[in-house]
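Work through the exercises below with the sequence and the model open. Each task is followed by a solution in steps.

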Amino acid sequence: MIRTRQLFSLRYSILSHPRTWTRQFTSTSNYYQQKKTNDDDPDHPSNSPPIVGENGLYYNQFTKQEYENASKIIQDQIKKLELQIKGDYNIRENIGKMPQFPAPSTDVPIKTKVENLTDFFIQTIKLTGPISLSAYMRQCLTHPEFGYYTTRDPLDSQHGDFITSPEISSVFGEMIGVWYFSIWQTQKCPNKIRFIEFGPGRGTLMHDILVTFNRLVKRVQKDIESEILMIEASNVLRREQWKLLCGEENQFGTTEEGYNVSVTKWGNGIKWLDTEKDIKHTNEYANYIIAHEFFDALPIKSFIRKEQGWRELVVEHSSSVTNTQPKLEGTTPSPNNPLLETEFHLTTSPKETPSSIIPTISSRYRSLPIGSRIEICPDAELYIMKMIQLLNNTNGAVLIIDYGLINQIPENSLRGIHKHKFVSPFILPGQVDLSIDVDFDNLSTISQGLAQVYGPVKQGDWLHNIGIGYRIDQLLKKNQGNEEVEDKIYGAYKRLTDEGEMGGIYKFLALLPKGSEKPIGF
């Protein structure tokens, strides 16, 4: 029987790299012979019985029924894939009879030069057939030459496509700085700390957090050693962050390992990393992690329940098909609507894909009726686990801020954002920001038992609990008589906290070491 740890390792491999996972079955010519040998060996690790904890749960987490159901699902999927790989005939018998690659289309001339992501997707789909939605999103956002985030500053005041809470008012970052200072004091003021931000934008939020945090630490006259880590793949945004946090008088250098480094205005060392895998974890530091509007840009997989089971929704190319899939607020689908005129659209895979196993594993989706549509973000699960790993036994904190759902399963939330408007996610690939509703229930469920979970709570409630009302009152009194400034301060306050605006849409979720007391704000 496959062990539970292997089940989850296999699950995440299938989610993220189905082609690589498939190749692992055929990596050596004696794979199946070796597998048979292992199956016959009672002492082989793969045949050892599962571990049952004192609480009667398998691996202290799963009931016997849950474990056996997951094991059966995985084994059935492996058998199907083995059959697809080996086939039911000798392929050598079909040499010259079966095409080795899809025949090129004769309808549309093939372009040999890829000038944008539209060209890239057209050629890819012609060769391989429809691609997964997660692959489409990943290329749109992070392709090194044509990706949305890797080739531009999306928050540029003149040409950007959206605006975030830190850009509306510095008070937003101040409140988060107060929160981290409170956590630091509650955790007995560790003298070595790291601020780690996932998806730091232009660096505005980190700037406002550090201004407040450093000021408060100075008041209590404590000497601390602090470091800043920015998880940022975009060279364009790295430069913007450096200008704001460091100033051009501090060199933007590169280490031997290839990491960009500098020194902040406050004397903190700062390093830019490509991915979370580059973070070197050490118990020396208390890690204070911030992820603001990070999870909403992670690639998702979309599924629909058919009578035959779960089927994956994949991206197809067809300039003649009008896309009506995306969630466009206030938009009525019509043949003449330019927001829906795209060269790509979602279609239902007629057969199971390797990813079709994902919804079958979770009990959350088992009772959904035929016709139900769901969105699942495997990357979110991997990132939240990494963040939890960075917490030490007694210190550290994770604060996640994003727009998303509570007590709901995401269904059809993928949308494009272009010039401050919702558009089809399949229009102008690489030139449009893509966004989803974050599944806060799933993030909370995964974190339970591994960390102390608080929230999610609405942004407006959290900010008021921290004391934004008091801070806004201070600013209004300071600028009394200057109506223009007063209107700007109050307008920003309303936008950040009102139920009908960001205050109700955005949520705060905190993860702390197990046993931590309830923090302020929740």
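## Exercises on salt bridges and one serine

Arginine 138 has a relative accessible area of 35%, so it is partly exposed. The model is a predicted one, and the exercises start from this residue.

**Exercise 1.** Find the salt-bridge partner of arginine 138 and state where the two residues lie.

Step 1. Side chains of opposite charge can pair when their charged atoms come close.

Step 2. The partner is aspartate 379, and the closest N and O atoms of the pair are 3.0 Å apart. That distance falls within the 4 Å cut-off for a salt bridge.

Step 3. Arginine 138 belongs to helix α6 (residues 133-142) and aspartate 379 to helix α12 (residues 378-389).

**Exercise 2.** Describe the salt bridge between aspartate 473 and lysine 477, including the exposure of each residue.

Step 1. The closest N and O atoms of aspartate 473 and lysine 477 are 3.2 Å apart.

Step 2. Both residues sit in helix α15 (residues 468-478), four residues apart, which is about one turn of the helix.

Step 3. Aspartate 473 has a relative accessible area of 35% and is partly exposed. Lysine 477, at 56%, is exposed.

**Exercise 3.** Which residues are linked with Lys243 in a network of salt bridges?

Step 1. Lysine 243 forms a salt bridge with glutamate 240, with 3.9 Å between the closest N and O atoms.

Step 2. These two residues are separated by about one helical turn because they are three residues apart in helix α10 (residues 235-245).

Step 3. The network consists of Arg202, Glu240 and Lys243. Lysine 243 is partly exposed, its relative accessible area being 40%.

Step 4. The count of salt bridges comes to twelve; the pairs treated here include arginine 138 with aspartate 379 and aspartate 473 with lysine 477.

**Exercise 4.** Is serine 349 buried or exposed, and what does its side chain reach?

Step 1. Serine 349 is located in the loop between β10 (344-348) and α11 (357-361).

Step 2. Its relative accessibility is 12%, so serine 349 counts as buried.

Step 3. The side chain of serine 349 reaches the backbone oxygen of lysine 351 at 2.8 Å.

Step 4. Leaving aside residues up to four places away in sequence, serine 349 touches Arg311, Glu312 and Val314.

How values were computed
Residues numbered from 1 in each chain as written. Predicted model: local features only at pLDDT ≥ 70, side-chain atom pairs only at ≥ 80, totals over all residues. Heavy atoms only, no water. Buried < 20%, exposed > 50% of the residue type's maximum accessible area, 1.4 Å probe, protein only. Polar contact = N/O pair within 3.5 Å; in protein donor to acceptor, adjacent residues only side chain to side chain. Contact = heavy atoms within 4.5 Å. Salt bridge = Lys/Arg side-chain N within 4 Å of Asp/Glu carboxyl O.
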